[in-house]
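Open the model and keep the sequence beside it.

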Amino acid sequence: MEFGFTIAAYAVAAVLFIFSLGGLSGQESAKRAVWYGIVGMAIAVLATMIGPGQGLWFLSVVLIAAGAVVGYQLATRVQMTQMPELVAIMHSLVGLAAVFVGVNADIELGRVAAAFAEAGLAFPRPYEITPEGAEFAKEFSGFAAIVAKKTAVEVNILKVELVLGIWIGAVTFTGSVIAYGKLAGRVDSAARQLPGGHMLNAAAAGLSLVFAAMYLVGAGIWTLVLLTLLALFIGYHLIMGIGGADMPVVVSMLNSYSGWAAAAIGFSLGNDLLIVVGALVGSSGAILSYIMCKAMNRSFVSVILGGFGGASGEQMAVEGEQVAIDAEGVASALNEADSVIIVPGYGMAVAQAQQAVSELTTKLRGKGKSVRFAIHPVAGRLPGHMNVLLAEAKVPYDIVLEMDEINEDFPETDVVIVIGSNDIVNPAAQEDPGSPIAGMPVLEVWKAKNVFVSKRGQGTGYSGIENPLFFKDNTRMFYGDAKDSVSKLLTLVD
């Protein structure tokens, strides 16, 4: 069978990708899962280079080498706190690639059609290619050779595939760039929209359908250009209209979009592995988005159609004042405590305090105290962000628990230390029906005997929502840089 090795290699790579995705569900199997993915990708690249459409070896090697250099630089220089924006910008590259592949497919389609017309041969044939056409098709190479053998129905299917790839890719590209900007602090994290709001998005989507239909009936490439511009606008305006606190869901959603864009590319190129991988990424991203929305007690549509952090009604007034405490006071409580729960958030990542937190955990456990970590599904700016930081600091996996596993234990806990978290420990989600986060499942830390909140200052955090936890009688504010604050505790805990 022609290119039998490529087909077999694609099958092996697909299985490895599935194993990789499955292995990432557990912290202990994650390292092995990453290697599955690396090996699978290496096999996929090699099989593609020697498979259908092979050629341009020098250029391919140069581009692969350049990509490897950039990837290595990013992997060694980007801090863990920058990982969310790195993921977002990587999604934009997938979207841009989908746009380029779609445009190139249309250009190749036009080139093949022009060559057939110049030779006096009909293209595409309604049913099957004639012997003369089949012989003439041998003059083409690469993707053009695949296009030259297509019937009219297959050409129309190709046009649908490239339209979908370009549209999804363009939305993913600009959406990911804006998400990157919001996560990196280069774009205002508040929800911003042009006058007309989502009606503009709906109008742009409607016009996209019109131009897609015009392209499919042969109106010309100008319709494809306008469709691309509309999709670029939708991606920009859609993500600009979503508040910064929803960025974890947005990144997951864009991950899904990039997968579907890759699948569309696979259909256009006739690459089975790209279809499989795109479907895996697209479906897993969609499932993760659903899980995160459920963790926030919000529908996926509500995230897309509205920013997070805007009041849904009159909010309850917060009474009392924030009471500060010094390191000696926190250390005294820890020395007397038997059970401790630590709730990490983005503030821990920013301060790079995970190693100090790990050392404090080791010291407390060495004294026979129970120390565990409570992880909210949307803690940080990326799904699993806190888990990765704690694993990096060598925190034992078995003491890192999800919200559903630990929430009932807070009433019997002596001390809770909240490090850089806000919305995920906000009691307003349960106590204030007018709060923007009303109904959102949160870590019920206020039920513990003593709560210490490590924060830089008295700000409301990324989402801009006031937190009544900070004003409760059993809460003390431990102000300062998280890393410095925890390091002070290390010298005071005896």
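Buried means under 20% relative accessible area, exposed means over 50%, and partly exposed is in between, with a 1.4 Å probe and protein chains only. This is a predicted model, in which local features need pLDDT of at least 70, side-chain atom pairs count only at pLDDT 80 or more, and totals for chains, interfaces and linings use all residues. Residues are numbered from 1 along each chain as its sequence is written, and side-chain values use heavy atoms, without hydrogens and water.

Start with the rings. Rings of Phe, Tyr and Trp (its six-membered ring) pair if their centres lie within 6.5 Å; planes under 30 degrees apart are stacked, over 60 edge-to-face, and the rest tilted. The count comes to 6 aromatic pairs. Phe 19 and Tyr 36 make a tilted one, with 5.9 Å between centres and 50° between planes. Phe 19 sits in helix α1 (residues 4-23) and Tyr 36 in helix α2 (residues 30-49), so the pair ties together parts 17 residues apart in sequence. Helices here are DSSP runs (H or I, at least four residues), strands likewise (E, at least two), numbered from the N terminus. Phe 19 is partly exposed at 47% relative accessibility. Tyr 36 is partly exposed too, at 30%.

Now turn to Phe 136 and Phe 140. Their pair is edge-to-face, 5.7 Å centre to centre with 85° between the planes. Phe 136 is buried at 15%, and Phe 140 is buried at 13%. Phe 136 and Phe 140 form one aromatic cluster with Phe 116 and Phe 123.

Next come two helices. The axes of α10 (residues 247-269) and α11 (residues 272-295) come within 7 Å and cross at roughly 160°. Axes are lines fitted to C-alpha atoms, for helices over the stretch in contact; angles run from 0 to 180 degrees between N-to-C directions. Angles under 35 degrees count as roughly parallel, over 145 as roughly antiparallel, 65 to 115 as roughly perpendicular and the rest as oblique. α10 and α11 are therefore roughly antiparallel.

Finish in the loops. Which residue lies between α14 (346-351) and α15 (354-366)? Gln 352 is in that loop. Its phi is near 55°, a positive value in a residue other than glycine. Gln 352 is partly exposed at 36%. Lys 394 is in the loop between α16 (385-392) and β3 (400-402). Lys 394 is not a glycine, yet has a positive phi of about 65°. At 68% relative accessibility, Lys 394 is exposed.
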